[in-house]
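Please consult the sequence and the structure shown here.

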Amino acid sequence: MMSSDADYIRRMSDALRSGAKMLSEICPVCNSPLFEVKGELRCIRCDKPVVRVHEESETLAASTPIILSRLENALSAKIDVMTALLQRSGEPEEIRLLSETLSSLIKLFRESRKLSEELRKS
Ligand SMILES: [Zn+2]
């Protein structure tokens, strides 16, 4: 629920009176200017603290675990499909292709897991 403009202006002047600083950055949710209140970045309109995501690399770091778990889900689904095909296959050439595909899928899966663990540790 969005509070009224009168409320917003009152909260803003209260904040400024208590020493808050208006910043050039804007809130990603409502585009209002952000304030630094007692060392914390806050949006006065949303009345919530805001987490600063500056660099593109930080954005990437923040979304990497999600990307990796999506990749792992996709890979395990493919591994499942390939395994089912392999079970049914009697053709040497097809078996060879399926084995190669499975091998690279498993390798990628392992790399993704390793990367996830490294990210969790850091
Ligand atoms: Zn806001």
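**Sheet and loop residues**

Four strands form an open sheet in the order β1-β2-β3-β4, with antiparallel pairing. Its edge strands are β1 and β4 (48-49), each of which pairs on one side only. The model is predicted: local features need pLDDT of at least 70, side-chain atom pairs count only at pLDDT 80 or more, and totals for chains, interfaces and linings use all residues. Residue numbers start from 1 along each chain as its sequence is written.

**Strand pairing**

- Strands (E, at least two residues) and helices (H or I, at least four residues) are DSSP runs, numbered from the N terminus.
- Two strands count as paired if DSSP finds at least two bridges between them.
- Strands of a sheet pair through backbone hydrogen bonds, either parallel or antiparallel.
- β2 and β3 run antiparallel and are joined by four bridges.
- Valine 37 stands opposite glutamate 40, which lies in β3.

**Loop between β1 and β2**

- Asparagine 31 is located in the loop between β1 (21-26) and β2 (33-37).
- Although asparagine 31 is not a glycine, its phi is positive, at about 65°.
- Asparagine 31 is exposed, with 9 other C-beta atoms within 10 Å.

**Loop between β2 and β3**

- Lysine 38 is located in the loop between β2 and β3 (40-43).
- Lysine 38 has a positive phi of about 50° and is not a glycine.
- Lysine 38 is exposed, having 8 other C-beta atoms within 10 Å.

Notes:
Buried ≥ 20, exposed ≤ 12 C-beta atoms within 10 Å, placed from the backbone.
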